[in-house]
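Dear colleague,

Please find below the structure for your files, with its sequence. My notes on what was found follow directly after it.

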Amino acid sequence: MNIKNVFISGAGALGLMYASYLSKGMGKENVYLIADENRVEKYKSLKFYVNDDKHEFNFISDKNTSLKADLIILSVKFTGIHEALKSLKNILKDDTVFISVMNGIESENVIKEYYGDKHLLYCEVHGMDTVKEGNKIYLSKPGVVCFGSKDNKITEDVKSVEEVLKKSNLPYEIPTDIMHKMWSKLMLNDAVNQVCAVFETGYGGIQKEGKAKDMVMETMREVSKVAKAEGIILTEDEINDWMDLMDTLNPENMPSLRQDTKAKRKTEVELFAGTIRKLGKKHDIPTPFNDYLYDKIREIENNY
């Protein structure tokens, strides 16, 4: 399939970052940010900046368009996934490719419930330090898009998305085992996002020795025990590799869940600690670190 246009659902930090890269690679006229009519009117009245460079994005209503999508990138919070997926039905065609850059391991299952998995690719993204402040996006690196088919075959859909990423200068990887990659990223997110939120810190707080960094590593080890029960082997080397990657990020920037608590927004704690706690109970594996983080984040939310 030749992907000629891309629709992005979600105008947060990641959605706008990908829109900026894709617009340069594919042409602004072929990249659309899709939202409901009220949000579209709001977005059209704003000027957007990525690292202080002005960008004019194409915002389009989910109802008032006859366009059909070749590729849809889902980039919303998990708390809004059902609303987002319902809004996409008018732009779908039989061969529309779906890819989700959302956190966790659950979004693909939800997409499959709505639209099947014939053209669904599995994905995790990592290594970016994107921060959104109002209508401004700041980042030092776009990270890596790691994607593939669930059975790890190099399908036509995989090749087509690869071409899009190449054109747009977005770093990518097609792994030999995408489910392992997704679990490994969940291990990272579960620890880093939640610890930074509880300790009220950016990446700098987990780059230095101390309680926050120690808790990140112990939480990742806890996730690896649950993953093993699910048939996924995550190693101590992977934990160390993730910590090395964290050291390369801007210490002033912060992960998404810490951004949420700082802005007093509802978090994705259910996607992180909620998932691990549920699977821990399923396999009779204690999850004290995730239990602690879950309770603390719920406490933070309740005090907004």
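In strand β12, E173 stands opposite C146. The two strands concerned, β11 (residues 142–148) and β12, run parallel and are joined by 2 bridges; strands count as paired if DSSP finds at least two bridges between them. Please note that this is a predicted model, in which local features need pLDDT of at least 70 and side-chain atom pairs count only at pLDDT 80 or more, while totals for chains, interfaces and linings use all residues. Residues are numbered from 1 along each chain as its sequence is written, and side-chain values use heavy atoms, with hydrogens and water left out. Helices (H or I, at least four residues) and strands (E, at least two) are DSSP runs, numbered from the N terminus.

The sheet is open and mixed in its pairing, with 8 strands in the order β5-β2-β1-β6-β7-β8-β11-β12. Its edges are β5 (58–61) and β12 (172–173); each has a single partner strand, so one side of each is left without a neighbour in the sheet. Helix α1 (residues 13–26) packs on the sheet and touches β1 (6–9), β2 (31–35), β5, β6, β8 (120–128) and β11, where contact means heavy atoms within 4.5 Å. The direction of α1 makes about 150° with that of β2; axes are lines fitted to C-alpha atoms, for helices over the stretch in contact, and angles run from 0 to 180 degrees between N-to-C directions. Helix α6 also packs on the sheet, touching β8, β11 and β12, and its direction makes about 40° with that of β8.

Within the sheet, β6 (residues 71–74) and β7 (residues 97–100) run parallel, joined by 4 bridges. L71 stands opposite V97 in β7. V97 and I99 point one way from β7, F98 and S100 the other way, and all are buried (under 20% relative accessible area, with exposed over 50% and partly exposed in between, using a 1.4 Å probe and protein chains only).

As for the helix pair, α6 (residues 178–198) and α9 (residues 236–246) pack at about 60°, with their axes 11 Å apart. From α6, H180, S184, K185, M187, L188 and V192 meet E238, I239, W242 and M246 of α9.

Finally, D247 lies in the loop between α9 and α10 (256–262). D247 counts as partly exposed because its relative accessibility is 41%. Between D247 and I206 there are 41 residues in sequence and 8.4 Å in space, C-alpha to C-alpha.

With kind regards
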